[in-house]
Amino acid sequence: MKSILLKGTIFIMVILFFQVLLYKYLPFYWGNRQLGCKLINANTELVNQKYHTFFIGGSNTYRHVIPSIFDSLAQINTTSFNLGSDGCYPPESFYILDNLIDNYAGIDYVFLSLDNYETLNDENRYGTTRTTYYLSWWYYLNEIKYLHYSEDIKFKLVMLKKYTITYLKKLFGIGFKKDVIRYFFDPNYFHSIELLGPNKDGFLPFDTSVTPIELMEKNIPSRVKESKDFWNKAHGADLSEVLANDAHYDLIQFFIAKAQRKGIKLIFILQPKTFK
């Protein structure tokens, strides 16, 4: 029995060793193709510190924040780049922010879209590389802390299972060997320059017969009103009755402090969207 346990332990340790070794050779963005394409194709400009302002978030950022318009309207001199990617939620968005701060110099401003934590409700996303690649022990513990401060017991139990399975998949490299192989052996996978958008600044509108301007004219006024109503309601609320998740709040405070140490102004945004 002891011999079996010993062999099993050694086998697990060998797997973990090779996984740690593998992750050292993978860039931080390897599991997010849209983000990877942006960082690789704009690498020269990023290294030369052409861009000083960045936007991080999900599809609301990727498909709606137009850097050229932002720069033209900003009251200060900015050169911005859109690092948004479809389906990007906390803690992945914080993971991207973390690595952006650590790996790139000359950053003045980062706008980070606030959103709920990844719920893994979409079965096409649950357990995939896209929702697994960024997980580390630190981010997994943050997810557990997030659940600890959540009110719904059923939600806690369901998400504890999902978060744990997802983390174990990352730890043992289960389910994304194909994507790792693709990263190393498919030179075109991360070089789809069209993902940078028409202006090569990271903004890419949705593929639709309605032009982006027509879409904005139709939807933005109602979305802005909803956002204003949301903020007015929050501003006028009794703070003692507001149910804020302490884990999310602590994570925000952690990255505000980290950004300040690098001289970066971190600005959190709540984009126009439908609130429930």
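Tutor: Helices (H or I, at least four residues) and strands (E, at least two) are DSSP runs, numbered from the N terminus. The model is predicted, so local features need pLDDT of at least 70 and side-chain atom pairs pLDDT 80 or more, while totals for chains, interfaces and linings use all residues. Residues are numbered from 1 along each chain as its sequence is written, and side-chain values use heavy atoms, leaving out hydrogens and water.

Student: How many helices and strands does the chain have?
Tutor: Counting the runs defined above, the chain holds both kinds of element. The totals are eleven helices and four strands.

Student: Which strands stand at the edges of the sheet?
Tutor: Two strands pair if DSSP finds at least two bridges between them. The four strands form an open sheet in the order S2-S1-S3-S4, with parallel pairing. Each edge strand has a single partner strand, so one side of it is left without a neighbour in the sheet, and these strands are S2 (80-82) and S4 (265-269).

Student: In S3, which residue is the bridge partner of Phe-55?
Tutor: Strand S1 (residues 53-56) pairs with strand S3 (residues 109-113) in the parallel sense over four bridges. In S3, the bridge partner of Phe-55 is Phe-111.

Student: What percentage of the residues count as buried?
Tutor: A residue is buried when its relative accessible area is under 20%, exposed when over 50%, and partly exposed in between, using a 1.4 Å probe and protein chains only. Of the 276 residues of the chain, the buried share is 40%.
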